[in-house]
Amino acid sequence: MAISMQMSISMPTRLHHFQFQKPRGVQRANWLCGASASFSSSSSLSTDHQNTEMEAIKELSEIVPDTMIFDDFERFPPTAATVSSSLLLGICSLPETRFGSVIETAMVDSEGYASEDGSDRLSCIFNKAMVNVGAELVKIVPGRVSTEVDARLAYDTHGTIKKVHELLKLYEEVEVPQERLLFKIPATWQGIEASRLLEAEGIQTHVTFVYSFPQAAAAAQAGSSVIQIFVGRVRDWARNHSGDQEIESALARGEDPGIALATKAFNYIHKHGHKSKLVAATIRNKQDIFSLLGIDYIIVPLKILQSLKDSKTLPDDKYSFVRRLSPNAAQAYNFTAEELVKWDQATFASAIGPAAEELLAAGLEGYINQSKRVEAYFTKIWPPPNV
């Protein structure tokens with residue numbers, strides 16, 4: 001990230017796994033190899049030959065580092081990445097980093113530079129900046145790169161599809177293969193519909209801001225490649241609110257509502273033959289990880305990763321490393337008739353619940369605010385110097 005333009009932006013964002021060659025940081029990156037996580041054939045692990053908890057866990061789920069800007073990625077080499085408005089902010093605030101030049105290139109892109117319409121020019125620069133950074137990440141990580149789609153289009157199916165096509169065209173121009181890409185779309189009904197239509201074209205999507213079973217099931221029915229559930233945020237909501245039937249049912253069973261949601265979604269996907277890979281995000285502690293072993297991907301904060309790396313496994317640790325989720329066990333999970341419906345907009349809207357509604361709105365607001373800050377920065381430095 002190397003940018004020759006100065007700016008004062010407070011350091012945002014986190015990043016799931018990217019691997020930068022030697023630099024230290026960037027922001028929320030990650031996105032997942034096309035192959036599924038490496039699964040062991042047994043339901044639990046023998047720890048006799050394991051060295052660390054990290055190695056034991058990796059036998060059951062793929063770990064995705066959730067790291068902050070300027071963290072040392074050499075400790076936890078990433079395998080995939082996400083490029084987002086938050087990442088662009090991080091790049092713009094770091095004048096001497098690797099990706100500054102690709103931001104500069106976006107500023108002077110011929111199409112955007114020539115546009116006389118300010119909003120069109122801004123959109124062009126924003127798209128080009130996202131793609132330039134994504135193209136660099138593709139060179140660095142072995143897995144897929146997910147590109148955030150403008151959250152202001154979250155309730156506009158056709159607008160989302162158009163934006164993805166624009167981004168994909170730009171990726172094609174810089175010779176990034178489509179199979180290396182995901183497009184990150186919020187789990188509104190309109191976003192899930194966009195995912196369905198894009199997947200039908202062979203374009204891989206990454207559905208995010210999933211806080212309820214209807215969102216997860218609808219995305220699975222849509223054929224979304226990756227579905228991201230925010231385990232910790234669901235739990236946080238449950239601690240301070242009431243009135244969500246899905247959450248209250250989990251609590252009544254003595255279950256953590258975030259873990260219960262991820263488990264239910266995994267079982268639904270595998271019992272009913274959907275192709276989606278499931279990601280557990282906003283992990284708060286080791287027990288969250290142990291409770292989800294067997295899920296495709298777990299995004300883990302750096303502090304917990306370091307603890308897992310430093311902790312040795314012992315023979316009496318076997319219980320901690322039991323596979324909790326598996327395609328075989330999913331076959332025994334019982335779903336209600338209401339949960340097995342073919343989701344449409346009406347059933348989705350009536351079933352999504354207050355937790356998902358509130359958390360989705362908050363997530364979208366955060367993404368939109370980040371995008372506006374990037375646009376304000378691009379506007380401030382337009383026209384670029386030395387052009």
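Visitor: Which residue lies over the face of Phe213?
Guide: That's Lys264, at 4.9 Å from the ring centre. Keep in mind that this is a predicted model.

Visitor: Okay, stepping back: how many helices and strands are there in the protein?
Guide: The secondary structure comes to 16 helices and nine strands.

Visitor: And what share of the residues is buried?
Guide: Of the 387 residues, 60% are buried. As for contacts between residues at least 6 apart in sequence, 76% of them join residues at least 24 apart.

Visitor: Let's look at some helices. At what angle do α2 and α5 pack?
Guide: About 85 degrees, and their axes are 11 Å apart. So α2 is roughly perpendicular to α5.

Visitor: Which residues meet there, α2 against α5?
Guide: From α2 you have Ser85, Leu87, Leu88 and Ile91, and they meet Phe126, Ala129, Met130, Val133 and Leu137 in α5. Eight residues of that contact are nonpolar, one is polar and none is charged.

Visitor: What about α9, which of its residues are buried?
Guide: Helix α9 covers residues 231–240, and its buried ones are Val231, Gly232, Val234, Arg235, Trp237 and Ala238.

Visitor: What do those buried residues pack against?
Guide: Quite a list: strands β7 (226–230) and β8 (277–281), plus helices α10 (245–252), α11 (257–271), α12 (286–291) and α16 (353–381).

Visitor: Back to rings. How many aromatic pairs does the structure hold?
Guide: There are 13. One of them is Tyr171 with Phe183, an edge-to-face pair with 6.3 Å centre to centre and 65 degrees between the planes.

Visitor: Where do those two sit in the chain?
Guide: Tyr171 is in helix α6 (residues 157–173) and Phe183 is in strand β5 (residues 181–186), 12 residues apart. Both Tyr171 and Phe183 are buried.

Visitor: Why is the pair of Tyr333 and Phe335 called tilted?
Guide: Because the planes of Tyr333 and Phe335 are at 50 degrees, with the ring centres 4.7 Å apart.

Visitor: Is Tyr333 buried, exposed or partly exposed?
Guide: Tyr333 counts as partly exposed, because its relative accessibility is 24%. Phe335 has a relative accessible area of 13%, so Phe335 is buried. The cut-off for buried is under 20%.

Visitor: Last one: which residues do ring pairs link into a cluster?
Guide: Phe209, Tyr211, Phe230 and Tyr367.

Methods
Residues numbered from 1 in each chain as written. Predicted model: local features only at pLDDT ≥ 70, side-chain atom pairs only at ≥ 80, totals over all residues. Heavy atoms only, no water. Buried < 20%, exposed > 50% of the residue type's maximum accessible area, 1.4 Å probe, protein only. Helix = DSSP H or I, 4+ residues; strand = E, 2+ residues; numbered from the N terminus. Contact = heavy atoms within 4.5 Å. Axes fitted to C-alpha atoms, helices over the stretch in contact; angles between N-to-C directions. Parallel < 35°, antiparallel > 145°, perpendicular 65-115°, else oblique. Nonpolar A, V, L, I, M, F, W, Y, C, P; charged D, E, K, R; others polar. Phe/Tyr/Trp six-rings, centres within 6.5 Å; stacked < 30°, edge-to-face > 60°. Lys NZ or Arg CZ within 6 Å of the ring centre and 35° of its normal.
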